[in-house]
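Here's a quick tour for anyone opening this one for the first time. Have a look at the model, then work through the notes below.

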Protein chains: 2
Amino acid sequence: MATHAHHHHEHHGHDLADAAQKALTAAGEQWTDMRADIFSVLATFDKPASAYDIADLVSQKRGKRVAPNSVYRILDLFVANNLASRVESANAYLANAHPGCLHDCIFLICDSCGSATHIDDDSLTRNVRKAAEAAGFNAVRPVVEVRGTCADCD
Amino acid sequence: MATHAHHHHEHHGHDLADAAQKALTAAGEQWTDMRADIFSVLATFDKPASAYDIADLVSQKRGKRVAPNSVYRILDLFVANNLASRVESANAYLANAHPGCLHDCIFLICDSCGSATHIDDDSLTRNVRKAAEAAGFNAVRPVVEVRGTCADCD
DNA sequence: AAATGAAATGATATGTTGTAACGTGGTACC
DNA sequence: GGTACCACGTTACAACATATCATTTCATTT
């Protein structure tokens with residue numbers, strides 16, 4: 001991926017869940033059954049998943065209703081610990097393919113098929129932060145997303 | 001404003017509504033009473049306004065309930081014609097201070113006071129588009145927002 | 001002026017996303 | 001065995017957004 005200035009371990013499947021668990025416990029948080037289930041469901045999506053989508057699937061998986069409320073709580077925890085990202089323009093969430101590695105993410109969201117691609121371009125997001133700071137703003141969280149159509153849908 | 005590479009007429013108050021009217025009619029759309037009211041209410045906000053906020057105020061102003069869906073319709077029209085912008089990370093809208101002038105907007109949203117600053121940095125947003133296109137993506141609408149705290153709130 | 005047709009708005013309902021408040025159950029520690 | 005903490009459950013509700021169909025408005029044509 002040309003926009004990667006450095007190398008990532010891109011985790012997949014069980015490997016990814018494993019990395020997520022390590023990252024979360026390293027942060028002093030617990031890796032509970034509920035969190036594992038929510039993470040694994042989130043990780044199966046190839047497009048941003050809404051909290052309600054996740055709640056439905058986790059409910060099925062567990063044979064017992066899991067309320068959106070609980071899902072939000074855990075998604076917030078994931079986002080805070082960099083295991084997942086929120087895609088603002090889609091009101092939805094994506095598992096982070098390389099937990100433990102901090103980035104200002106850039107998402108490309110296809111308006112046709114709904115898929116989202118994650119690219120990293122640290123120099124670009126650095127410039128976003130700089131522009132904000134030049135305006136006297138204390139930048140905390142850049143939100144850089146692009147709506148359009150992906151290569152497959154063109 | 002240092003990040004402006006070129007000069008803008010920054011409109012205010014009645015002047016702004018006037019410019020908005022010109023821009024909308026120039027696009028072949030009508031400038032109705034309802035649209036004028038919604039625009040003027042939107043323009044009074046110094047922070048992003050939700051469609052429901054606007055609906056409430058316009059309802060007051062007219063002495064008659066205006067339903068959110070009517071507001072959404074007109075806000076969509078404004079956004080499509082560049083009279084207003086949607087702030088994705090706030091689910092809210094801002095009047096555009098220079099209708100008729102096309103930009104990929106950058107918003108700085110203060111998590112403390114809720115105010116939003118609009119900066120233009122065409123080279124930056126051009127780079128966002130470029131990065132997306134380099135990934136085989138057909139970029140239509142960059143969403144560049146920054147959450148943080150403004151100079152006043154620091 | 002009446003008829004017509006297109007555009008704008010109204011009314012109602014419902015769908016989707018997100019939080020607040022408080023209760024319950026487990027676990028570690030003393 | 002209290003008690004303090006944390007995760008999760010339950011319920012209710014707030015906030016955001018759209019779908020559908022009815023009605024009004026207004027310009028155009030006759």
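**A serine to start with**

Ser89(A) counts as buried because its relative accessibility is 13%, and the cut-off for buried is under 20%. Keep in mind that this is a predicted model.

**Around Ser89(A)**

- You'll find Ser89(A) in chain A, in the loop that runs between β1 (84-87) and β2 (92-95).
- Its side chain makes a polar contact of 2.7 Å with the side chain of Glu145(A).
- Which residues is Ser89(A) in contact with, leaving aside its neighbours within four places in sequence? They are Ile109(A), Glu145(A), Arg147(A) and, from chain B, Glu88(B).

**Two domains in chain A**

- Chain A is assigned a domain 1 (13-95) and a domain 2 (106-153).
- Each side puts ten residues into the contact: ten from domain 1 of chain A and ten from domain 2 of chain A.
- Taken over C-alpha atoms, the centres of these two domains of chain A are 22 Å apart.
- Interface size is often quoted as the accessible area lost when the parts come together.
- For domain 1 and domain 2 of chain A, that buried area is about 720 Å², with 54% of it on carbon and sulfur atoms.
- Our serine turns up again here: Lys47(A), Glu88(A) and Ser89(A) supply 47% of the area that domain 1 of chain A buries against domain 2 of chain A, more than any other three residues.

**What links those domains**

- How many salt bridges are found across the interface of domain 1 and domain 2 of chain A? There is one.
- Glu88(A) also forms a salt bridge with Arg141(A), where the closest N and O atoms are 3.3 Å apart.
- Five residue pairs are in polar contact between domain 1 and domain 2 of chain A.
- On the side of domain 1 of chain A that touches domain 2 of chain A, β1(A) gives the largest share, with three residues.
- Sorted by class, that side of domain 1 of chain A has four nonpolar, two polar and four charged residues.

**Where chain A meets chain B**

- Chain B and chain A each bring 31 residues to their contact.
- Together they bury about 2500 Å², and carbon and sulfur atoms give 69% of that area.
- The count of salt bridges between chain B and chain A is zero, while ten residue pairs are in polar contact across the interface.
- On the side of chain B that touches chain A, the elements giving two or more residues are β3 (106-110), α5 (122-134) and β5 (138-149) of chain B.
- The largest share of that side comes from β5(B), with twelve residues.
- By class, the side of chain B that touches chain A has 18 nonpolar, seven polar and six charged residues.

- Most residues other than glycine have a negative phi.
- Asn82(A) isn't a glycine, yet its phi is positive, at about 70°.
- Asn82(A) sits in the loop between α4 (68-80) and β1 of chain A, and it is buried, with a relative accessible area of 14%.
- Asn91(B) isn't a glycine either and has a positive phi of about 50°.
- Look for Asn91(B) in the loop between β1 (84-87) and β2 (92-95) of chain B.
- Is Asn91(B) buried or partly exposed? Its relative accessible area is 42%, so Asn91(B) is partly exposed.

How values were computed. Residues are numbered from 1 along each chain as its sequence is written. Chains are lettered from A and ligands numbered from 1 in the order in which they are written. This is a predicted model: local features need pLDDT of at least 70, side-chain atom pairs count only at pLDDT 80 or more; totals for chains, interfaces and linings use all residues. Side-chain values use heavy atoms; hydrogens and water are left out. Helices (H or I, at least four residues) and strands (E, at least two) are DSSP runs, numbered from the N terminus. Buried means under 20% relative accessible area, exposed over 50%, partly exposed in between (1.4 Å probe, protein chains only). A polar contact is a pair of N or O atoms within 3.5 Å; within protein, one must be able to donate a hydrogen and the other to accept it, and residues adjacent in sequence count only if both atoms are side-chain atoms. Contact means heavy atoms within 4.5 Å. Domain bounds come from an automatic or database domain assignment. Buried area is the accessible area (1.4 Å probe) that two parts lose on being put together, summed over both. A salt bridge is a side-chain nitrogen of Lys or Arg within 4 Å of a carboxyl oxygen of Asp or Glu. Ala, Val, Leu, Ile, Met, Phe, Trp, Tyr, Cys and Pro count as nonpolar, Asp, Glu, Lys and Arg as charged, and the others, Gly among them, as polar.
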